[in-house]
Amino acid sequence: MGAGGGSLPRPSRSAHPTAPPAHPTTRRLPAGGRIDRSQPLRFTFNGRSMSGFVGDTLASALLANGVDTVAQSFKHGRRRGIVGSGTEEPNAIVDLGDGAHRIPNQRATQVELHAGLVATSGARRRLKRFAGAFAGVMPAGFYYKFFMGPPWLWRRWEALLRRAAGLGAVPTGADPDTYDKLNHHCDVLVVGGGPAGIAAALAAARVDARVALVDEQNEFGGSLLGAPQAIGDAPATQWVDAAIAELSACPNAVLLPRATAFGYYDHNFVTVLERRTDHLGATSPCAPRQRLHRIRAKQVALATGAVERPATFANNDLPGVMLASAVAAYLNRYAVAAGTRLLLFTGNDNAYRTALDWRRAGRCVVAVADTRASPAGALVAQAEAAGIEIHKAHAVIEAIGRKRVAGALIAPLSEDGQRLAAKPRRLDCDLIACSDGWSPAIHLSSQAGARPRWNEEGMMFLPGAPRQPTVCAGAVNGAMSLAACLADGAAAGARAAHAAGFGDARPRFAAPPVEEAEEDAARPLFIAPHVQPSSRAPKQFVDFQLDVTAADIELAAREGYRSVEHAKRYTALGFGTDQGKLGNVNGVAILARALGQGIAETGVTVFRPAYTPVTFGAIAGRDAGELFDAERHTPMHAWHMARGAAWENVGRWKRPWHYPQADETMHEAVVRECRSARQDIAMLDASTLGKIDVQGADAATFLDRIYAGSFQRLGVGRCRYGLMLREDGTIFDDGVAARLADTRFLLHTTTGNAEAVLAWLELWRQTEWPDLDVYFTSVTDHWATAALAGPKARDVLRRVCDDIDLSREAFPFMSVRSGHVAGRPARVFRISFSGELCFEVNVAAHDGMDVWNALMAAGEPFGITPYGTETMHVLRAEKGFIIVGQDTDGSMTPDDMGLGWAVRHGKPFGFIGDRSLALADHRRADRLHFVGLATTDAAAVLPEGAQIVAASTRRAAKPTTPRAMQGHVTSSYFSPTLGRSIALAMLTRGRERLGETICCPLADGREVSAQVVRPIFFDAEGRRTHA
Amino acid sequence: MPDATTLRGPRRQACLSLRAKPNPSLPAAVATALGVELPTTPCTHHRAGERGLYWLGPDEWLATAPAGAEDALQAALRSALTGHFAVTDVSGAWRSFNLAGPRAIEVLRKSSPCDFHPRAFAPGRCVQTVFAKATALIAGNADGDFDVITRTSYADYLRRWLEVAALEHPASP
Amino acid sequence: MLEIHCPYCGEPRSEEEFSYAGEAHIRRPQDPAKLDDRAWGDYLHFRSNPRGAHRELWFHAAGCRRYLNVLRDTASYHISQTHRVGESPEDV
């Protein structure tokens, strides 16, 4: 079992005096742990088949299989092994799966083992060659310094670096998994399911608050899962089981294991990534692989625990150097001994538990190097009683070994701990467990806006004063003993519940008795001195993932990077996917020392979301594929689909763009549709136009203030084109408004602006003119609209409408009538965006399909053709009708567009935008004017957006550049009706330049010349419209 | 599946938009015309048989009834109301889905940031809110089921969204 | 992600339902024609930009479609008050 080959621990070179005579050499212990030995699993790591058990993480299984090297380092290409046992792991970053299923950047310490798991360590094959060339000469700021130089050189480097950079490989196909999101509201959200978090959740749930408890591990218990501690008379895990059972039975408690709170945003909004099927290793089409929980909590209790701080010494990145807590966790939780001969390096009592556990497992403890001169805690006494050799006031200053730890240099420390008091000596060992103290996991608290504060007594950064309704509990608060965590958690939970309106802030929770060892004061070193200065000693790593050394930080300080944020960016300290969970505090301490100041004044960098990496899939959720956006469909959508329409997205609407027949090209289809409209009859689905029903005694008064034109005297049954301006005088929207009754109007808006216009009307009514009696109701979705356009429109409509007099006299252009079309109640507008005789038939959405079919049938003898938005654009451009947002860009006034006729100055109140039209800038003579362009070559269609310059007067060999821009093309088409290219444009002083030839230089170097003409190409007198 | 979520719709109803300044005679006039009591508490709705009346804003309500009743109800409202009001037939503008089953709340929570916990969303409540990438009016009914009332143009999208969201019923939250 | 108490709906709602509508309490001049270009320009373009309490107008776009006044701290994002249009915040 267990060891599946590879580099098994080598036999020790010399027998240690305190070593038991014979010790086991397999990594997997014969008994114990929270693994299920009846369920063995096979998995693959870097192509090698290995075995493990249900309950293993990938990391524990790799250790059990004797894998020492899990990655090659990012910058220097050094061997790296597993350091931690949880979210802090910087080295064991793997890609899972392959092909489209590949997921990069997963921490092996958090990957639950499952049958058939395929893992590849990301950084393996990368920088080796590149780093080889520069080994040892990549100091802090290497990239900034080295790549100063001619730009052409950088391009070559960039190609090389891009190949080498990054930690994982990109999946090769679209992600086949599904993801989703779930919103929560709760009174108390507890982040962290260790002893403090469980106690907090219990305290809050017992007073009936709505509680959510999230934890990133597969089971609740946190540190208790890896420590053989007792609560009451039973193992701590029994207490955990009972507590979780109680919470599960609470109808108002939500338990989320395998869920990482990765972002803490404003107003107590916390995002949590839940891994739902990753541990099963299978893709299920129903169950989402991951779920993003969006939790809004009245109170947040952070019980995020603490991360052990590694020791900084020479070659401390050698495989076999691990956190003391990780060594204990692998031993106790996974029954894996990460080596055989343990050397413990610590400055605190807590880590002695690792040595004691190791000895209890029947393994050899070579020695303890304790930075303190006379540690006196209970655990130290236990270790001494057990015969473990303790080197007091000593430090490990260098790890020795090639592929993994084979020994260590230890040396006595000077009184201040900054120098060595004597020469080092060597101890043989294959595992160095180190602990320089603990760093509370203040990341979420920091994200929530609390500035971390340095606690000199505990030598750690603690959460600062909360800026949101947050309480902190347990180790994140600096409470390091189990009893303190339970009490702190219960108090915090009760306090949070009370603040959310539940209970009286006194926990209904009797803290169970806990066995406690009295601990002596700790003495962190942050960096162990060496016989050489940092710049000359073997590398002393601070940030393993990004290969930042103590020497790099000292160099940054020497080069003037005094702010911790600047030093971070210069050295890349804490920039990795692990966000410097291990190295940040050591880095800050080293920087502080180099700057000759305290840690408190140096401060720590700001932590930002995400706490651990989040897949894009989870961020997208269900908003992918067919549900990528909320598509809006008209009532005739199915008909367009069946007719094979090509689609244009207009806002969120799907609109038929054109209807190609057989193998027609788009151009051919548009030519056919245009001809049909100009010669016979064609029909457009115009349902997407915004429609607003306006009612009230002051409706006309209100519209007079909102539109630039006048609506007071518009007759009932008549329509008028209106321009809405912003207060700065620029065109906001346009459309036809119809007076349905004395106190009732119907407004048309552009398709994309319907909601904005309604919000605009409400803004003025609600905030400025609440005294006006007028109400607005959106009826966009209520009406289905078919625009019948063409000389035969009247003939077609007459066949399905017998209660409206359609004659020219009775139903003139710009009017509206009510009646029935195809037997359905209908409102018919005689308005036209095509320049043809046109009736826009409006019926309720549910009648739309039937009426559309009836109109198609009625039009059949006349050759009716459905037309799409492209033909609509061509027809309106021939007439010079503007499209707001295409021909205007938010800086155009009515005069610029030649629409001064639609503005009525001198109305009693004026109108929105009126005063601005008088501003000097809006009256400049050299403003852009809306004009038409007729290209010299009738076949040359200008690209929309083409810039306009003056035509070259001389036939010079090469036109001079730059030439002043004089405007740009806003719309451009080939007009089938005219058999030539037409364009609309904004041109400086355009209206004064009719007949002039201008020039459009194109991106491909060609120049297209065109004549400036009036922006109307067809039926300038409007005979057809009024027919 | 015993805890499967049942999705019905989209269904068409008679829908009238009612806007009126609240005044002492308004509730009685509306109740007479529609046969449903006017909800004046924000974010609530009243039902009477197949008719419903939903609070949308301090001077805005949505009245629903079986399809076909729109003209008669509009006429009744217009003759009953006095002062400044607006009544608009919006029967074509709204479509209604119904979600039932013990996990229906979860389908709503996947779609909207509102709080649908029974403590916050008792039967008789209704909210207009963001729903997936569209918007909707969500109403809790006496039988514990929910109506999701949405703009007609979004009905195809939301039907697909709701089908997908209702597919999965995890054993725990 | 802010949570904004809508004074019309009478309950807190998520920021997703709202859109920002600029600084609150900007009065449109009674008679714009009487203002010179500079004074009109001030009304059009100039807004306060305090670090701290800021009076804002928001629109409950996906909810009750009412405009509301919000007193928000631009540094902490804390919202101390919301109230209906036409009502005034207590003095800050």
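**Interfaces of chain A with chains C and B**

Chain A places 29 residues in contact with 27 residues of chain C, where contact means heavy atoms within 4.5 Å. The model is predicted: local features need pLDDT of at least 70, side-chain atom pairs count only at pLDDT 80 or more, and totals for chains, interfaces and linings use all residues. Residues are numbered from 1 along each chain as its sequence is written, chains are lettered from A in the order in which they are written, and side-chain values use heavy atoms, with hydrogens and water left out.

The size of an interface is often given as the accessible area lost when the parts come together. Buried area here is the accessible area (1.4 Å probe) that two parts lose on being put together, summed over both. Between chain A and chain C, about 2,200 Å² is buried. Carbon and sulfur atoms give 48% of that area. On the side of chain A, the residues that lose the most area to chain C are His267(A), Gln766(A) and Arg915(A). Together they account for 29% of what that side buries.

A salt bridge is a side-chain nitrogen of Lys or Arg within 4 Å of a carboxyl oxygen of Asp or Glu. Arg296(A) and Glu3(C) meet in one, at 3.7 Å from N to O. Polar contacts link 17 residue pairs between chain A and chain C, both residues at pLDDT 80 or more. A polar contact is a pair of N or O atoms within 3.5 Å; within protein, one must be able to donate a hydrogen and the other to accept it, and residues adjacent in sequence count only if both atoms are side-chain atoms.

Three elements of chain A give two or more residues each to the side that touches chain C: β15 (290-302), α20 (754-768) and α24 (914-917). Helices (H or I, at least four residues) and strands (E, at least two) are DSSP runs, numbered from the N terminus. α20(A) gives the most, with 10 residues. By class, this side of chain A has 14 nonpolar, 5 polar and 10 charged residues. Ala, Val, Leu, Ile, Met, Phe, Trp, Tyr, Cys and Pro count as nonpolar, Asp, Glu, Lys and Arg as charged, and the others, Gly among them, as polar.

The contact of chain B with chain A takes 43 residues from chain B and 50 residues from chain A. About 4,100 Å² is buried between them, with 48% from carbon and sulfur atoms. The rule finds 7 salt bridges across this interface. In one of them, Lys21(B) pairs with Asp773(A), the closest N and O atoms being 3.2 Å apart. Residue pairs in polar contact number 30. On chain B, β2 (13-20), α2 (70-80), β6 (85-89), α3 (104-111) and α4 (155-166) each supply at least two residues of the side that touches chain A. That side of chain B has 16 nonpolar, 9 polar and 18 charged residues.
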